[in-house]
Amino acid sequence: MYLFYCPEIATTLTLSEEESAHCVQVLRRSAGDEILVTDGIGQLYHCVITNPHRKHCEVEIRSVETPEPLHEGHIHLVIAPTKNIDRTELAIEKCVEMGVDELTLVLCEHSERKTVNMDRMQKILVSAAKQSLKTRFPILHPLTKMTELQIEGDKFIAHCMSDEEDESLQAHYRSSDSKHALQNEIVRGHQTTVLIGPEGDFSPEEVQWAIQNGYMPVSLGAARLRTETAAIVACHTAVLMNS
């Protein structure tokens, strides 16, 4: 059954014009049909259509439930938008489908994209959440400078820089002087944040800043990944280790 989104819930509610059009015109739902509606913050409403208007479809709530979270902990992905914004949109879509809890777009020194249409990003997020039947929609933060990030919990940075490329970073690594695999560092049930850089990677100064602010360097595998691929891999790893 298709899931509809309505942030303001009452005993009798009216879907937005966009949701109404999709319900009545696209899906051909009519009076008496049952649909599912979510408020995006965890509640799932079983409803019946009472007035199938294409601009303001009215429905009546028959029952409500609160589905259990899909995974433990809280997963926060911080990603630098790519020059080709389609790649960032893909990453957001897939991470939402997998169950990311929070998303922040970050502006880095090597970022080729300096602006983002946040309204479009939010629409992609909502669409992906509905498509994958999520009742808890991720929080989406606007583009933020890396040095202005204020994040709590377990924090990781997945950069591509090797120890040989900047020996000054080695002192901040663990005894092995190497990045650890993300899956081995995630603690089940904790708040986990993974920082993914732009196409040109983080600058040495940004990596230093991250380490000094409590981010642990981690590896996502032996292959060098595109930004959007790294984001998807990091999200999947975090969800899997908390499932």
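User: What are the ground rules for the residue numbers and the model?

Analyst: Residues are numbered from 1 along each chain as its sequence is written, and the model is predicted, so local features need pLDDT of at least 70, side-chain atom pairs count only at pLDDT 80 or more, and totals for chains, interfaces and linings use all residues. Side-chain values use heavy atoms, with hydrogens and water left out.

User: How do I read the open sheet, and what is its strand order?

Analyst: Strands of a sheet pair through backbone hydrogen bonds, either parallel or antiparallel. Helices (H or I, at least four residues) and strands (E, at least two) are DSSP runs, numbered from the N terminus. Two strands pair if DSSP finds at least two bridges between them. Here, an open sheet of five strands runs E1-E3-E4-E5-E2, with mixed pairing. E1 and E2 (12–14) are the edge strands; each has a single partner, so one side of each lacks a neighbour in the sheet. From one strand to the next, the twist averages 45°.

User: Which strands does E3 pair with, and in what sense?

Analyst: E1 (residues 3–5) pairs with E3 in the parallel sense over three bridges. There, Phe 4 stands opposite Val 37. E3 and E4 (residues 44–51) pair in the antiparallel sense over five bridges. Leu 36 has His 46 of E4 as its bridge partner. The E3–E4 hairpin has five residues between the strands, and its Gly 40 takes a positive phi near 80°. Next along, E4 and E5 (residues 58–65) pair in the antiparallel sense over seven bridges, with Val 48 opposite Glu 60.

User: Why is E3 described as largely enclosed?

Analyst: Buried means under 20% relative accessible area, exposed over 50%, partly exposed in between (1.4 Å probe, protein chains only). Four of the five residues of E3 (residues 34–38) are buried, so the rest of the structure largely encloses this strand.

User: How do H2 and H3 cross?

Analyst: Two packed helices are described by the angle between their axes and the distance between the axes. Axes are lines fitted to C-alpha atoms, for helices over the stretch in contact, and angles run from 0 to 180 degrees between N-to-C directions. The axes of H2 (residues 85–98) and H3 (residues 118–131) come within 8 Å and cross at roughly 35°. Contact means heavy atoms within 4.5 Å. Residues making the contact include Ile 92 and Val 96 of H2, and Ile 124 and Leu 125 of H3.

User: Which residues have the most contacts inside the largest nonpolar core?

Analyst: In soluble globular proteins, nonpolar side chains tend to be buried together. A nonpolar core is a set of buried Ala, Val, Leu, Ile, Met, Phe, Trp, Tyr and Cys residues joined through side-chain atoms within 4.5 Å. The largest one has 33 residues, and Leu 77, Val 96, Val 100, Leu 103 and Ile 196 have the most contacts inside it. Elements giving two or more residues to this core include H2, H3 and H6 (227–241). A second, separate core of 15 residues includes Met 146, Ile 151, Phe 202 and Ile 211.

User: Are Arg 28 and Asp 201 buried or exposed?

Analyst: Arg 28 counts as exposed, at 68% relative accessibility. Arg 28 lies in the loop between H1 (17–26) and E3, and has a positive phi of about 60° although it is not a glycine. Asp 201 is buried, with a relative accessible area of 12%. The loop between E11 and H5 (204–212) holds Asp 201, whose phi is positive, about 65°, although Asp 201 is not a glycine.
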